[in-house]
Amino acid sequence: MRDIIVSELMQAFEQMARDVAHYLPRLIVMLIIALVGWVIAYLLKLIVRSLLRLTKFSKLSQNAGATELLHQAALPSTTELVSRLVFWIAWAGFVLMGLSVLGIAGLDEYVSRFFFFLPRLFVALVILFFGLVAASFFSRAALLAAVNANFRSSRIFSISVRFIIVIFALSMAFEVVGVAEETMFIAFATVFGAAMLGLAIAFGLGGQDLARRFLEKRFTPQNRNREEREDELSPL
Amino acid sequence: MLRDVELTEENLLTDEFLRQLINIGEVDIVVGLSTHNNAKTIGPVIAAIQAGILKCFPRERVAIINADGGSQDDTTGLVQNASIDDLRHDHKVYALRTLHSVSVRYARIPDPGKALQTIMAGADLLRAKTCVIVSPYSTSIEPDWLQRLARPSYFDNFDLVSPIYRRQRFEGALVRDLLYPMTRSIYGSRIREPFGSEFAVSGRLITDLLGNGIMNTDWGRMGPEISTTIFALTGKYRVCQSFLGVKQSSSRGHDMVAAVRRTVGALFASLDGNFPVWSAVTGSQSVPTVGTAIELTEEPLRLNRKRLLDMFSNGVAQLEPVLSSILSPSLLSELRRIAALGVDEFEYPAELWTRSVFEFAASYHKSTINRDHIIQALVPLYRGRSLTFFVENRAGSEQDIEIREESLCADFERLKPYLLEIWADRK
């Protein structure tokens with residue numbers, strides 16, 4: 001009995017030793033990959049940060065309104081955020097590569113999914129960033145055009161333009177990463193439809209007089225000329 | 001350099017235009033017209049040009065070049081078919097040379113820079129000694145204008161002859177409140193109309209303008225007229241002014257943003273490349289002026305002051321996020337203060353206006369936001385200043401107006417170091 005127990009224990013220990021001997025080099029390889037990956041990711045972070053600083057990315061993101069959004073959310077600057085994102089994505093990639101060396105069943109699939117997901121994430125982030133840039137540019141352009149045309153609710157008009165573009169960019173980004181595609185599509189359609197319906201009702205019911213005055217001013221040259229004459233000094 | 005000029009001209013001149021120019025040969029004077037759907041006004045302008053040629057330059061070889069930006073109303077036909085015979089009988093004078101008239105469609109849509117470049121390239125090819133540019137909107141043009149513009153260049157070798165108009169006292173507010181004082185303080189020359197719709201340039205200046213590709217720069221494309229003036233001032237060319245006559249304003253009720261973009265935008269854009277020149281300029285010098293000074297006219301003017309103030313106040317309030325990217329906090333708070341004033345107490349002081357313009361120029365240089373947005377954001381502020389201009393000058397004599405103008409120019413010159421300081425500031 002005693003011999004059987006000892007024998008079983010010995011076998012178990014031998015098996016464990018074989019397993020450890022089998023996995024240890026892989027574990028070491030994984031740790032080396034993770035360590036080298038950390039160094040490479042850190043270098044990538046430094047390079048990306050320098051490139052972004054050289055290309056005045058922070059100014060671009062400030063113009064896009066992204067800096068303000070991040071500041072409100074108590075997050076670091078866009079340059080720092082992008083460089084950190086690059087670091088974590090790169091390092092996570094290396095760690096997953098290292099884990100795949102261990103040969104754990106089923107893990108390979110997750111690793112390949114992660115690498116398949118990366119380009120989509122990148123594209124989604126690019127779409128989101130340029131969406132924010134476009135939203136900032138067009139909302140400011142709308143604000144300036146409305147103010148210079150003496151439109152009373154210029155700020156609301158500008159915010160509406162920004163809101164619609166941001167929602168549009170978000171729905172595109174979510175569609176690219178494949179998260180809540182339908183929800184975002186429905187949300188966008190609902191918001192856009194509601195905005196258009198709201199505007200139609202506002203102009204149709206609330207703004208009858210305004211619309212009449214606008215049309216009179218627009219299509220009755222005498223009125224238009226008289227009003228313009230009284231509004232401006234000739235600049236040139 | 002010569003090769004560049006040839007290449008530039010080659011791109012601008014179509015085969016048909018080139019054929020017409022070759023048929024003309026060489027001329028002494030070119031009169032250039034940049035048109036786009038000007039059939040309503042082009043008749044009297046062409047008649048005045050022809051009469052001016054008959055009266056003042058009967059012995060010279062003259063050609064009219066019309067650069068058209070895609071007119072749909074037969075403007076080019078009117079220019080080409082205008083007959084000089086009727087004028088000969090009316091004025092009892094006869095030209096000793098044939099008056100040539102050519103039209104070219106340089107583009108399907110108007111492009112002022114390309115139009116002026118086309119005219120200048122044509123004048124350069126015709127080896128004209130002088131090129132007079134006339135606006136097709138100037139229905140108040142008189143035959144003598146041609147002489148007043150061309151003579152100083154043709155006979156006295158001035159490279160640029162800039163106009164001085166007889167204006168209604170409230171006309172040209174942007175010129176008087178910004179373009180003149182700023183051009184004067186920046187480039188050091190007292191050119192009253194840096195953005196003249198009529199002016200004359202010498203063949204030498206044309207060759208250099210084309211050779212240096214000025215019309216292909218940002219400022220050249222935006223405002224070719226003011227860019228010509230600035231190029232002449234920075235290049236130490238011989239510049240003079242000539243009194244013309246009544247300026248019939250065509251800009252009233254037109255797009256204010258477009259007017260500001262074409263003039264102030266070009267002026268601001270010119271500051272980047274010319275920094276070494278203008279940063280060294282202090283004070284200003286008078287410019288030789290020919291002709292007899294002309295008084296301001298006194299036509300009555302109705303102005304809705306309340307509405308103008310409303311446009312200013314609304315602009316300052318609504319554009320606060322934009323203005324905070326352009327102006328310093330102290331200046332913005334000062335603007336907020338005056339925007340809250342009533343129409344009777346409202347005043348946009350000259351010094352505050354000067355600082356506003358300089359801070360806009362510095363922000364434009366640094367591109368703190370999109371440059372075109374910076375120019376558009378200036379429009380409400382200009383409206384506020386033009387209200388003060390109206391209120392200050394409505395009861396004053398011509399001397400009072402002149403004194404205020406000088407005072408504003410002195411502010412621009414005095415505060416130029418402030419511009420240099422914020423120009424270099426990296427924040």
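**A close look at one domain**

Modeller: In chain B, 23 residues of domain 1 are in contact with 22 residues of domain 2, where contact means that the C-beta atoms of two residues, placed from the backbone, lie within 7 Å. On the domain 1 side of this meeting, helices α8 (173–187) and α12 (256–273) of chain B each supply at least two residues. Helices here are DSSP runs of H or I with at least four residues, strands are DSSP runs of E with at least two, and both are numbered from the N terminus. By class, that side of domain 1 of chain B has twelve nonpolar, five polar and six charged residues. Ala, Val, Leu, Ile, Met, Phe, Trp, Tyr, Cys and Pro count as nonpolar, Asp, Glu, Lys and Arg as charged, and the others, Gly among them, as polar.

This is a predicted model, in which local features need a pLDDT of at least 70 and side-chain atom pairs count only at 80 or more, while totals for chains, interfaces and linings use all residues. Residues are numbered from 1 along each chain as its sequence is written, and chains are lettered from A and ligands numbered from 1 in the order in which they are written.

The bounds of the two domains of chain B are 2–290 for domain 1 and 305–424 for domain 2; such bounds come from an automatic or database domain assignment. Taken over C-alpha atoms, the centres of domain 1 and domain 2 of chain B are 30 Å apart. Chain B as a whole contains 20 helices and eight strands. Of its 427 residues, 52% count as buried, a term applied when 20 or more other C-beta atoms lie within 10 Å of the residue's own; 12 or fewer make a residue exposed, and values in between make it partly exposed, with C-beta atoms placed from the backbone. Among the contacts in chain B with a separation of 6 or more, 87% join residues 24 or more positions apart.

The sheet comes next. Eight strands of chain B form an open sheet in the order β3-β2-β1-β4-β6-β5-β7-β8, with mixed pairing. At its edges stand β3 (100–105) and β8 (289–290) of chain B, each with a single partner strand, so one side of each is left without a neighbour in the sheet. Two strands are said to pair if DSSP finds at least two bridges between them. In general, strands of a sheet pair through backbone hydrogen bonds, either parallel or antiparallel.

Together with helix α3 (residues 39–56) of chain B, β1(B) and β2(B) make a right-handed β-α-β unit; right-handed means that, with the strands pointing away from the viewer, the path from the first strand over the helix to the second runs clockwise.

In a regular strand, side chains alternate between the two faces of the sheet. In β1(B), B:I29, B:V31, B:L33 and B:T35 point one way, while B:V30, B:G32 and B:S34 point the other way, and all are buried. The strand is thus mostly covered, with seven of its seven residues buried.

Two further residues show how the chain is packed. B:T118 lies in helix α6 (residues 112–125) of chain B and counts as buried because 28 C-beta neighbours lie inside 10 Å. B:T118 and B:I65 are 53 residues apart in sequence, yet their C-alpha atoms are 9.0 Å apart in space. B:M215 belongs to the loop between α9 (203–211) and α10 (218–222) of chain B and is buried, with 26 other C-beta atoms within 10 Å. Leaving aside residues up to four places away in sequence, B:M215 touches B:G113, B:L116, B:Q117, B:L209, B:G220, B:R221 and B:P224. The C-alpha atoms of B:M215 and B:G113 are separated by 5.7 Å, although the two residues are 102 apart along the chain.
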